[in-house]
Amino acid sequence: MNATRSLIAASLAQAMPLDPGRHHMLHAAAPQAGHIEWLYWITFWILFAVFVLMIGAFVRASAKTHVEAIHPLPILEKDEKADRRAGWGVGAALAVTVITLFVILVLSVITGKRVEGLTSQNPVTIQITGHQWWWEITYPNPKADQTVTTANEIHVPVGTPVVVLTNSKDVIHSFWAPNITGKRDLLPGYSSAFWFQIDRAGIYHGQCAEFCGLQHAHMGFSIIAESSDAFQAWQQEQLKTASEPSTSETIRGREVFLTHACLMCHTIRGTDAGSRVGPDLTHVASRNMIAAETLPNTAGALAGWVVDPQRIKPGTQMSPNPLAPDDLQAVVAYLQSLH
Amino acid sequence: MRHYTQIGVLLGAIAVLASCSREDRILRQPPPANDTLNTVQISGLNPGANLIRTPPNSNMYQASAYAVSEGQKLYEAYNCVGCHAHGGGGIGPPLMDRNWIYGSEPGNIFATIMQGRPNGMPSFRNRIPEYQAWEIAAYVRSMAGLLPKGVSPNRTDQMNIKPAESSTPEQTPNGITGVPEQPK
Amino acid sequence: MAVAEPILANDQDTGQSELAQRLARTWSQPKGLWGWFCNTHHTDIGIRFMVTAFIFFLLGGVLAAMIRLQLIRPENSLMGPDLYNQVFTMHGSTMIFLFAVPMMFQGFGVYIVPLMCGARNIAFPRLNAFSYYLYVGGALVLWGGLLTNTGPDVGWFAYVPLSGPAYSPGHRADIWSQMITFTEVSALGVAICLATTILRHRAPGMTLNRMPILLWEKLVISIAVIFAMPAVMVASGLLLLDRLVGTHFFNPAEGGDVLLYQHLFWFFGHPEVYIIFLPGAAIVSTLVECFSRRRIFGYTPIVVSVVATGFIGFSVWVHHMFATGLPQLSQSFFTAASLMIVIPTGTQFFCWVATLWYGRLQLRLPMLWCLGFFFVFLIGGLSGVMLASVPVDLQVHDTYFVVAHFHYVLIGGALFPMFAGIYFWFPKMTGRMANATLGKWHFWLFFIGFNITFFTLHFLGLRGMPRRVYTYGPDMHWQGLNVLASSGVIFMTAGLLVFLVNVFRSVRVGGIAGNSPWGDAGLEWSMSSPPPPYNFLHVPTVSGRDPLWEDPPDQPVVVGLRDDIRETLVTHSLDADPQHKDEDPGPSIWPFLSALTVSAAFVGSIFTPWAVPIGAPPVIATLIGWLWPRGQSPTPRQTGESWVH
């Protein structure tokens, strides 16, 4: 059944060529998005047929047109037979409409149940808290020292159900990875749960999908699906405290970090920096991108971000840090050493 | 038709001329002034004849509701709450009363934050960017009702500990006011 | 065999007869600037609604053009996030609150309904005028806000907590909330006027079963307005209370609920879009009948559909909230209701097709716009069916797919019929015909530009571009489609310029229109164009659904109404039997003064609570002036007599 469905979906999709692309809801990489994509295509073709029929009817109905008569044409006499035929026509169209809508309703409910139906005794649990304008990611664990905290980059093991618990620190955000599943709003004061499972390793991108203020446009995240072993290794790495700086530059960088504005907002576990205002930077160098998927995690981008985040994301909560060039070099080197 | 045009032009002119600084969102800060720190004084006494003014830029943070609201967020984020609570004080003195030990002008509060004070007020020099200290200073003034209602923050989305700053009655400051003397 | 030329009322109204001159004197409105503010005649107020709404349409369009220009390039710096947020919020708020409802419901309604009913003026004419001034007040407050850097920047639906006191400092969101208050009170006022006119001022003989479809629609929409507007007033009122007074309706930390706002808002928000669309559908019904040269097929199914849409429209609001994590069962209910509402709309479509199929289509300019409506609204409606199903909605919600959908249904369902209606009733309003060639250029330029822009947005949404983003990254592969979408703006702008040229030109040098240039059946075509201040020389009676096509040459008129005072006839709501006479209050400055005092109180309350006690006495004073009793008219009212000879 699954194979047939994906075959139908694939062949339907072939009929309308699309560019491959990240963030494309019709390039499903997980069963949830796959179910939705299937429903989308079936609905689309049904409604396309409706469209063709209706336009055909209008074209036929307006075919005999008297275009340029300037004065009003005479009124037509009442025609019982025509009205009766029209009655049958409208009735038939209505019946077809009701049936079609019912079919779509049934398909929709079925797909909804399929998407929501994922459950497991042993899922990977992720707590996602929305902030203006970044994602706080936590892997809760009954043991506090086994709780992973990171930002903007989610790792999941391939083939394992994942349950996401949502919350928001400030305004309403919306967690949406189009290749994976439908979106879920992060509402302050509410915690809701949704499930997904990724069966193919890769990096999948998402973006905030509920207007949340000045930098809503730059609030992205990524989901990295990897093998179970890689996932466990990643978790273990994330649990460690920050790596000790070994070169003079990185030592100086840590010094700069702890004596300037950085420690007022960021945490680097293993140092004195313990603030929860901004993202946890203990393993910032292990992430692919910074600033909520806005910039690549390279020295140049990092330096630009540290010195003047307002230029890249005007209105973001992070302040400009006009560091002296040597200090800047050092702190960037230190941050890049935090794997 | 003529009436529409006349009325429209008149209203348009009024509106454009009356632009509101209360609504300014200052997202890019002006370049840092050269060491504003030492130009803020606690008292008007100063050896020599050259009197130093408070830098003119500070007022823009008091006039902007966005800046005061940022100050409120920073007040929580930088844990001023830890010693001053939400204005009621604790380890540190209350900020919503009328006693200002080191002065109530924005420059005074800015200096307090940056320089630190005896008996436990830390110095946040180099820890907090200057513009944020001005924002916090503006917010602190609003806690004592010293800012206009329209600029003061309204209730937060937290638990309600005290009335919003915009409902706080104005406390006429006493203690050292610290306005530097203006040159004649 | 065809029926003879449209039937006019008994005496040909050349304006020369003694009766016409007496009526003109009695019903005339004062001139000059003072007179302009005293005017209470529905044709003048209706045109004011339409002109003002169109001005705001153009302003909203400028904002849209700015949005499209910003999105042409990734990381574009034309507008920063703060300005962009204000621009898109203003665009949505202007289009919905300052253009769509004032034009489709208030403008067309106020102008056409009394004429179609056979009445000399709208019911409660001073309330009607007051509603207009209040609408203008709200519009000036909102745009004054934008020009003073106080324009709202929280989206046209201003979700909390973003629009709450903690995350929206200053008065921007307060300006938005009060604009809601202004425009919704204005809409309520007009709803009361229209509902009363339709129920109590119809020409004798116009039973409910003989009412034109447009009157049915305006009646249904008036009732929908009366039920829906209070919901948004509560939502914006609670928001104002949270922001200004310190209540906690939407503060989760103190027991409030952020979803409460969404429920209240969308309980209004969904009927709102039917308040915008159904007037368009009614215009289409009217025009399809006229230009197929036959009575509309399926009068009863269409009326039932209009009523059903009005009802079901109140039961689908949660489909705007599918992503919030509500229980699956309730989501399924709203999917079912959202699919169900397709049935009445589909019924109307099928009846229109049937009318065209068995009619004799005369493709004049207004009808061209109706054909455009069919194409555009059909696409919008079908994409709406896709959105009704929860799983698909969870992917495309808050993306450009939804933007494409609602522009197709709103522009298709309201703007195209609006232009159709403007070209159709232009001869009646101005006495001149609009230029058909320019009109066709307008249509094709606009139609092509619209489809280029908004069809493309469907694909952008499928590719994952969210709404309300001031820019996007270069690696998202969205630029090409954005450029294509932005290019359509050129055509639409050109089309609108052609329209403006057409209107300004035709008003002065267009062909003189007679009473009924299109040969339509409605009563509004029975008097000269533009209508005299008394509308009808004799208040008509009707004996069929299409009076000017079906009524015999000796169709009776109403006699016994005085022509030296502004006497009107009040009839029974169901069968339009004459019941008693009433007196129109005539021109008055009090609606304008009341609107001024109410506006001052509303605007002042944003800045200080003292505005309420200080603002109330002037409001009371102007209301006293308005309601001051005028004393008995010289002849006491009589009831129960037959007025038709």
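Is Ala292(A) buried or exposed, and what is its relative accessible area? Select the residue in this predicted model and the answer is that Ala292(A) is buried, with a relative accessible area of 3%. Ala292(A) sits in the loop that runs between strand E12 (289-290) and strand E13 (295-296) of chain A, and its phi is near 55°, a positive value in a residue other than glycine.

Stay in chain A and move to helix H4 (residues 228-239), where Phe231(A) is found. With a relative accessibility of 4%, Phe231(A) counts as buried, because the cut-off for that class is under 20%. If residues up to four places away in sequence are set aside, Phe231(A) touches Val124(A), Tyr139(A), His155(A), Val156(A), Pro157(A) and Glu226(A).

Now colour chain B by secondary structure, which comes to six helices and two strands, arranged from the N terminus on as α-α-α-α-β-α-α-β. Chain B has 184 residues, of which 45% count as buried, and it exposes about 9400 Å², with carbon and sulfur atoms supplying 59% of that area. Among the contacts in chain B that link residues at least 6 apart in sequence, 65% join residues at least 24 apart.

Within chain B, select Ala85(B), which lies in the loop between helix H4 (81-84) and strand E1 (99-100). Its phi is near 50°, again a positive value in a residue other than glycine, and Ala85(B) is partly exposed, with a relative accessible area of 27%.

Showing side chains here, one finds that the residues in contact include Leu127(C), Ser131(C), Leu134(C) and Val141(C) on H5(C), and Ile175(C), Met179(C), Phe182(C) and Val190(C) on H6(C). Sorted by class, the contact of H5(C) with H6(C) has 12 nonpolar, seven polar and no charged residues.

From this pair, follow the chain into the loop between H5 and H6 of chain C, where Pro161(C) lies. The peptide bond joining Val160(C) and Pro161(C) is cis, with omega at about 0°.

A further helix pair in chain C is formed by H8 (residues 258-292) and H9 (residues 299-312), whose axes come within 11 Å and cross at roughly 170°. H8(C) and H9(C) are therefore roughly antiparallel to each other. In the contact, Tyr274(C), Leu278(C) and Ser285(C) of H8(C) meet Ile302(C), Val306(C), Thr309(C) and Gly310(C) of H9(C); by class, these comprise four nonpolar, three polar and no charged residues.

To finish the tour, go to the loop between helix H16 (479-509) and helix H17 (547-550) of chain C and select Pro530(C). Here the peptide bond from Ser529(C) to Pro530(C) is cis, with omega near -10°.

Notes: Residues numbered from 1 in each chain as written. Chains lettered and ligands numbered in written order. Predicted model: local features only at pLDDT ≥ 70, side-chain atom pairs only at ≥ 80, totals over all residues. Heavy atoms only, no water. Helix = DSSP H or I, 4+ residues; strand = E, 2+ residues; numbered from the N terminus. Buried < 20%, exposed > 50% of the residue type's maximum accessible area, 1.4 Å probe, protein only. Contact = heavy atoms within 4.5 Å. Areas by Shrake-Rupley, 256 points an atom, 1.4 Å probe, with all protein chains shown as cover. Nonpolar A, V, L, I, M, F, W, Y, C, P; charged D, E, K, R; others polar. Axes fitted to C-alpha atoms, helices over the stretch in contact; angles between N-to-C directions. Parallel < 35°, antiparallel > 145°, perpendicular 65-115°, else oblique.
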